[in-house]
Amino acid sequence: MQFVNIYLSMILLFAVGLSATPLLRHNLKLANIFAHGIATLGSLAAVLCASFIFVEGPQAFSIPVSLPFLEFSVRVDYLAAYFLAIIGIAGAAASIYAFDYGREYFGRRFMVMAELYLTFLLAMILVVTISHIFAFIVVWEVMSVASFLLVGQEYSRPANTKAAYLYLVMTHVGTAFITIAFLLLWKTSGSMDFAALTGWRGDEWTRNAIFICSLIGFGTKAGVIPVHIWLPKAHPAAPTHVSALMSGVMLKTAIYGMCRFYLEFLGTGPVWWGELILLLAIVSAVLGVLYAMMEHDIKSLLAYSSVENIGIILLGIGAGMVFMSRGLSSFAVLAWSAALFHVLNHAIFKSLLFFGAGAVVNATHTRDIEHHGGLIKAMPYTAIFFLAGAAAISALPPLNGFVSEWLIFQSLLILPEALSGVAGKLSAALLISLLGLTSALAAACFVKAFGVVFLAKPRSVSAAEAHEAPCLMLGSMGFLAIMCLGIGFIAPWLRVMLQSILIPFLSAEAVDNMVGAKWYLLGAQSGSAAGGLSLPLLGAVFVVGLVFAMALYRVCGCKNRLSGETWTCGIVPAARMEYTATGFSGPIRRAFGKILRPRTETVINRNISPYSGRRVIFEVHITHVFDELVYQPLNRYIVKLSRFMKEIQTGSVQLYVGYIMVVTIAVLIWSTRW
Amino acid sequence: MVNVLDVSFLYMVGQAILLAVLAPFIAGLIKKIKARLQNRRGPGIFQVYYDLHKLFLKDSVVSPTVSWIFSVAPFIYFAAALGAAALVPGLTSLMPEIGSRFVDLFMLLYLFVLGRFFLALASLDAGSSFGGMGGAREMFIAVLVEPAILLALLTVAFRTHSSGLTAMAGVGADESSALALIFAAAAFFIVLIAESSRIPVDNPDTHLELTMVHEGMVLEYSGRWLGMIVWATAIKELVLIILFSTFFLPWPIVGWSFSAKVVMLVGKILLCIAAITLVETVTNKMRLFKVPGFLAVAALLGLLAIVAQ
């Protein structure tokens with residue numbers, strides 16, 4: 001079977017879905033099944049395409065379109081296939097989730113949502129497979145606009161429309177920079193085809209300009225601090241299956257863009273490129289997780305944690321670029337494959353966590369975790385799946401998050417090889433310790449999230465009345481949870497696959513002996529001194545420990561278990577006495593007060609009743625540094641400029657005629673001078 | 001399969017069980033020395049074994065609020081501590097020929113994180129403020145400890161260009177640069193105190209709600225579960241002490257006989273215990289919000305060690 005056929009039938013599937021769904025608008029149930037069924041099949045077809053590539057090798061074909069500048073040329077190499085597989089896996093899970101979740105939106109613009117969802121999915125698939133500059137920008141724009149409209153799905157809430165417009169502005173700033181980068185490439189190479197850009201070598205100035213533009217452009221889409229501000233607002237506003245795809249997959253299309261530029265088009269650059277990315281990465285990671293820790297809105301918390309994870313991915317990319325510029329290609333392969341590995345892992349556990357959050361929000365009708373609590377009893381399966389995601393994102397062994405973070409640690413550990421001297425050692429040490437800080441904060445953050453949402457007593461009436469999510473939602477969560485566990489153990493194979501992706505770009509011959517392609521060992525470097533990570537060994541050790549503990553418990557213990565209420569100094573325990581999310585994050589908020597600059601507001605109302613004392617309302621607000629230092633002044637400046645423009649734009653036709661006359665005269669005078 | 005479950009794996013399991021058996025003795029010894037330093041007679045050095053025995057024979061009282069997390073957490077905490085005891089380069093550093101290449105520093109550290117993660121979840125499970133407070137503070141201290149412990153160990157890891165524990169144990173801290181060694185050792189010692197919940201960061205002997213951290217976290221536990229947690233905490237402390245003695249108390253033991261090496265390691269462990277008890281005796285518990293400064297000192301020392309290397 002030809003690759004073209006599979007690929008085009010996938011596109012055709014989406015086209016059928018897009019055109020036939022509106023016909024079913026009178027039967028929403030059927031439309032739901034049809035649209036999301038098509039989405040599921042389409043995602044699976046994407047996985048099929050990707051596996052075809054991994055079996056048969058890279059494929060390319062081109063269909064001329066009779067429009068200027070436009071050509072439908074598709075080239076799927078290993079890199080594109082990898083991202084295609086990620087989109088397919090997460091897309092299939094999200095579509096299955098949407099069978100049940102979509103019913104929430106019956107009567108609330110469901111048809112629009114289903115159509116946009118299909119468009120969004122198709123656009124993401126096209127983004128990673130299309131290999132023509134102009135067509136790329138078009139589908140990139142389609143992806144952005146479709147996701148913008150999905151963010152504005154629930155437009156009745158003002159916060160959502162605000163988030164959507166912020167997203168629209170930011171994403172277009174990003175697209176503008178991406179376009180500039182592509183135009184520069186086109187201008188100097190004279191070709192619009194990606195394949196022709198591969199061997200492109202421009203002068204230093206152009207290369208630097210392209211680097212900066214693509215970094216800003218794709219960085220905006222990826223949510224790198226300081227251009228992240230849209231992300232934590234837009235992701236929570238969208239319907240959950242879309243939030244999951246936006247956080248889990250759409251951000252990765254930006255990473256895909258970076259891979260294309262820095263691996264293929266630009267190739268090896270000066271060291272400062274990598275260093276700049278490392279700097280942005282560590283700032284994103286630390287600040288992202290700090291803000292996530294402070295967040296009480298469960299979906300915003302997950303969105304901020306995406307900023308953190310993008311930071312972790314960029315740590316790998318930055319280290320890889322540093323190694324590339326020093327010619328250490330086998331180290332570069334290690335760092336890049338760490339980054340790509342984390343891309344896959346983050347797509348899986350972040351989708352899983354968003355699905356869990358969506359199920360919780362559906363059951364309790366609130367996103368504020370201070371009103372959840374005790375859900376582990378009402379929603380046992382959601383709880384265990386969410387726990388798997390939380391453990392994976394906190395990099396707990398032996399789940400997948402630990403493996404990719406370990407690889408990132410390894411690539412940072414050998415960073416002094418590329419950056420010699422004390423400065424190199426010091427920066428590597430700082431990066432490693434800050435990554436350690438990040439993952440410790442992530443663990444604290446997800447202890448808070450899981451503990452406050454699922455454990456103890458329900459904190460509100462709606463949480464007490466919660467019910468378990470429907471089975472298809474649970475099914476897709478369960479599938480992803482199993483992947484979280486499984487990917488950790490197939491990591492050595494995956495690592496070999498990632499190498500085959502990277503070797504064409506990095507021309508590393510000495511790579512093969514670097515990884516012991518043994519099933520039990522994930523190697524980091526060559527050489528006898530270096531070790532590796534053996535998850536089966538870790539698993540075996542842990543299981544022995546567990547067996548020992550069980551034996552201890554069974555054999556030499558007293559088996560009586562009494563039930564006694566939690567000790568609360570003699571009063572009847574109530575949900576009000578539980579530790580809150582605000583309380584849990586309190587010490588960290590205080591320790592990092594210089595960065596977070598919390599402002600507390602305490603309102604004490606003593607006039608409630610002479611007997612019960614007073615009612616205290618306590619609120620904490622976190623200052624988002626970049627919002628206040630960069631965006632608010634910028635916003636004020638733009639508003640001021642618009643006011644000035646308003647003075648000119650009065651709307652009176654006579655005045656406009658006057659303007660035209662003045663300009664005409666000016667032009668006439670200007671032209672007659674030469 | 002052979003390579004994973006080979007001799008070194010059996011040695012690791014043996015080492016884990018040995019350390020598990022010894023850990024309560026070390027904990028008892030610390031209590032005894034501390035008591036003597038405070039002019040008390042103190043409990044016998046086997047008291048912790050008696051305590052564990054007592055706890056294992058007692059009924060458990062479990063709150064009806066809790067979920068399965070509460071009953072799973074002690075097992076995971078114990079298994080993680082035992083796993084760390086298997087990975088730590090103790091016996092294996094004495095007999096390099098059996099050292100597994102596949103034990104990794106991050107594996108060890110993240111096993112601690114795993115145990116702590118579940119114990120902190122369990123602290124929130126019962127729905128009392130004490131538990132939540134303990135859990136929050138424990139995670140807070142863990143956040144501060146993580147960068148410091150990494151910086152201290154990096155001085156060794158940078159020398160081997162890898163985080164393989166056996167390789168790191170083979171090299172040890174840089175003896176040629178005494179200054180770096182002293183800085184890194186001081187940094188790790190501070191971290192050791194914080195991680196094993198000792199004065200001045202935490203007080204293992206108190207049950208006063210304003211001061212307890214680790215004890216507050218496990219306040220709802222009783223009976224066998226509490227026994228497991230107490231034991232696991234002792235194992236974890238012993239693992240940290242061994243890490244400290246292996247990496248930061250260097251002594252040229254190359255070419256020594258096996259028994260001499262064992263005596264040396266025991267001597268180092270005793271020295272470390274003496275230092276811990278001395279610190280516990282001469283300092284007071286500091287306020288919780290002084291802890292960041294204390295651990296920042298550790299992180300700075302770690303950075304200095306890397307510069308001085």
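Because the model is predicted, local features are reported only at pLDDT of at least 70 and side-chain atom pairs only at pLDDT 80 or more, whereas totals for chains, interfaces and linings use all residues. Residues are numbered from 1 along each chain as its sequence is written, and chains are lettered from A and ligands numbered from 1 in the order in which they are written.

The secondary structure of chain A consists of 25 helices and 7 strands, where helices (H or I, at least four residues) and strands (E, at least two) are DSSP runs numbered from the N terminus. With a radius of gyration of 27 Å, close to the 26 Å that the globule rule gives for 674 residues, chain A is therefore as compact as a globular protein of that length; the radius is taken over C-alpha atoms, and the rule is 2.2 Å times the number of residues to the power 0.38. The C-alpha trace of chain A spans about 100 × 75 × 60 Å along its principal axes. Of the 674 residues of this chain, 54% are buried, a residue being buried if 20 or more other C-beta atoms, placed from the backbone, lie within 10 Å of its own, exposed if 12 or fewer do, and partly exposed in between. Chain A is divided into domain 1 (270-292 + 307-525) and domain 2 (626-672), with bounds that come from an automatic or database domain assignment, and the centres of these two domains, taken over C-alpha atoms, are 48 Å apart.

Among the helices of chain A, H3 (residues 78-101) has 24 residues and reaches 33 Å from its first C-alpha to its last, close to the 34 Å expected at 1.5 Å a residue, the expected span being 1.5 Å times one less than the number of residues. This helix is mostly covered, with 24 of its 24 residues buried. Strands E1 (residues 59-64) and E2 (residues 71-76) of chain A pair in the antiparallel sense over 6 bridges, pairing being assigned if DSSP finds at least two bridges between two strands. Within this pair, A:Ala60 has A:Arg75 in E2(A) as its bridge partner. The two strands form a hairpin with 6 residues between them, and A:Phe69 in the turn has a positive phi of about 70°. Elsewhere in chain A, strand E6 (residues 599-609) contains A:Glu601, which counts as exposed because it has 9 C-beta neighbours inside 10 Å.

Chain B comprises 12 helices and 1 strand, and its elements run α-α-β-α-α-α-α-α-α-α-α-α-α from the N terminus on. Buried residues make up 62% of the 309 residues in chain B. Of the contacts in chain B with a separation of 6 or more, 79% are between residues 24 or more positions apart, a contact requiring that the C-beta atoms of two residues, placed from the backbone, lie within 7 Å.

Between the chains, 78 residues of chain B are in contact with 80 residues of chain A. Helix H6 (residues 129-160) of chain B gives the most to the side of chain B that touches chain A, with 18 residues. By class, that side of chain B has 51 nonpolar, 18 polar and 9 charged residues, with Ala, Val, Leu, Ile, Met, Phe, Trp, Tyr, Cys and Pro counted as nonpolar, Asp, Glu, Lys and Arg as charged, and the others, Gly among them, as polar. The chains are also joined by 3 bridges between strand E5 (residues 561-563) of chain A and strand E1 (residues 60-62) of chain B, which run parallel, and A:Arg561 stands opposite B:Ser60 in E1(B).
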